[in-house]
Amino acid sequence: MLSPFLAYLLSVVLLSRIARSQYSSDQCSWRGSGLTHEGHTRDVEQVYLRCAQGFLEWLYPTGAIIVNLRPNTLSPAASLLSICIKPSKESSGTHIYLDRLGKLRLLLREEDQAEGRVHCFSIQDGALFIEAVPQRDISRKITAFQYELVNHRPGADPQSLSAPCQPCTDAEVLLAACTSDFVARGSILGVTESDGQTSVTVSLSGLYRQKTQVFVSGGGRAKRWTGFVKMPRQCRVKPGEGEFLFTGTVRFGEAWLSCAPRYKDFLRVYQDAQQQRTNPCHLDTD
C-alpha cells in the first residue's frame, strides 16, 4: 500500500484519471463507495462540500479521497473560519490527514474516530486527505463524520468549539446578544464535568433566540425552559445565585457558551447603549 504522501503525488500525476464526484460541487453532504473505483485504487477522488454544515459517508473505503470544505460564498472573512468534524462512533477503515499544498499532517487515526469527539482546524490548514487502511475485508467499514464551519470569537482557539474563558467586553456582550445562535436569561441549576468538558444545567425565564431546539419548555402557565450549556473544563463555572444572560453557538446539536454576564450587568450595558443609540439590535428586556 502506498504511503499517504506518495499516494498524493501519484494523484497529481494521474489527474486525467481522477474519478469524478458523484454529486455537484455545491453540495452540503456526500455519500460514496470505494467499490466504484476498486479497480483503480490508486486514483484519488475529489469531493467538494460548500455549505456551513453537512456530513460525509464513505462506504467500503479503498484508495483515498480528498475532501475540500469551503463556504459557498467568497469573502475575505472566510480565511478566518475554522472547520470542525465529529466522527461517528462507528467510523472506521481510514486515517484522516490535513493536506496543505501537498504536505500531509495526521489529524485522526482509525482508532481515534471511534471516540466520536469533535476536532477543529483552521480552514487555511487545507483539505482533508482520507486514506483507506489496507485490510482484507472492507464489507463492514464505513468512514462517516458530520462537519460544521465555525466563525470563532477573536482570540478563540481554532481547534476548539468554545470561546476563551475570559469575560467579554461590553461591546462583545452587545454583539453576542444580537448575533449568537442562542440568547437566554436564566440561572444555573447544576454543573457536571466529563471528558474535559463542563456541562451546565440551566433554567431559563426568558428565551430571546435559539437556532435549534436546544432548550425545551417545561410546560405549564409559567414560561420556563431547561437545557444544557457546554464550555471548557478550565472555565471552572460553579452554581450560583442570580440570573445571567447566556449567549453562544450551537454545534452538532449542542449549546456552547460564549458571553455570559450577570443579567443586571448586561441590562446596565444595554440601557447605556440604548441611550447613546449605539445598540446593534433591540431586545425585549421588560
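1. Contact here means heavy atoms within 4.5 Å. The model is predicted: local features need pLDDT of at least 70, side-chain atom pairs count only at pLDDT 80 or more, and totals for chains, interfaces and linings use all residues. Residues are numbered from 1 along each chain as its sequence is written, and side-chain values use heavy atoms, with hydrogens and water left out.

2. Start with Thr143. Not counting residues up to four places away in sequence, Thr143 touches Leu56, Glu57, Trp58, Pro61, Ser91, Ser92, Gly93, Thr94, Gln113 and Ile130. Thr143 sits in strand S10, residues 142–150. Strands (E, at least two residues) and helices (H or I, at least four) are DSSP runs, numbered from the N terminus.

3. Is Thr143 buried or exposed? Thr143 is buried, at a relative accessible area of 1%. Buried means under 20% relative accessible area, exposed over 50%, and partly exposed in between (1.4 Å probe, protein chains only). The Thr143 side chain also reaches the backbone oxygen of Ser92 at 3.0 Å.

4. Next, a sheet. Five strands make an open, mixed sheet in the order S2-S4-S9-S6-S7. Strands S2 (44–49) and S7 (103–108) stand at the edges with a single partner strand each, so one side of each has no neighbour in the sheet. Two strands pair if DSSP finds at least two bridges between them.

5. Within this sheet, S4 (residues 64–69) and S9 (residues 127–132) pair in the antiparallel sense over four bridges. Ala64 stands opposite Glu131 in S9.

6. Last, helix H3 (residues 170–179). Its buried residues are Val173, Leu174, Ala176, Ala177 and Cys178. Their cover includes strands S11 (182–194), S12 (197–210) and S15 (244–251), and helix H4 (263–275).

Definitions and conventions: A polar contact is a pair of N or O atoms within 3.5 Å; within protein, one must be able to donate a hydrogen and the other to accept it, and residues adjacent in sequence count only if both atoms are side-chain atoms.
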